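Take a look at the structure first, and then read on.

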Amino acid sequence: MGIALAEAEAMQLALPGLALAKQLYQAVLANGGSLSHHHGVGLNRSRFMATALGDAFGTLVDLKAALDPKGILNPGKLGLPSPFGEVS
């Protein structure tokens, strides 16, 4: 049997983990590492894609906009802009 938490309570519990993840991803990128693995980038790592790809991220944004002008295919993935808002 699970315990249901209010969204705000769940986010408070997640914040320390997110802060640690941010430090880890930044260290990986600063040392030439990669964010992806055999399951892809994932939602948690997607917020770091702009840093990971550098100037190439703009190309990814342009390509996504050209192929999906309404932004309905996998919105919020890979840290790309979405008409539906950001993924937290």
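## Overall fold

Followed along its sequence, the protein chain has the pattern α-α-α-α. That gives four helices and zero strands, where helices (H or I, at least four residues) and strands (E, at least two) are DSSP runs numbered from the N terminus.

A word on the basis: this is a predicted model, in which local features need pLDDT of at least 70 and side-chain atom pairs count only at pLDDT 80 or more, while totals for chains, interfaces and linings use all residues. Residues are numbered from 1 along each chain as its sequence is written, and side-chain values use heavy atoms, leaving out hydrogens and water.

## Surface and contacts

The chain has 88 residues, and 16% of them are buried, meaning under 20% relative accessible area (1.4 Å probe, protein chains only). Its accessible surface is about 6700 Å², with 61% belonging to carbon and sulfur atoms; the areas come from the Shrake-Rupley method with a 1.4 Å probe.

Among contacts (heavy atoms within 4.5 Å) with a separation of 6 or more, 24% join residues 24 or more positions apart.

## Arginine 45

Helix H2, residues 42–46, contains arginine 45. Is this arginine 45 buried or exposed? Arginine 45 counts as buried because its relative accessibility is 15%. Its C-alpha atom is 6.6 Å from that of leucine 35, which is 10 residues away along the chain.

Technical notes
Buried < 20%, exposed > 50% of the residue type's maximum accessible area, 1.4 Å probe, protein only.
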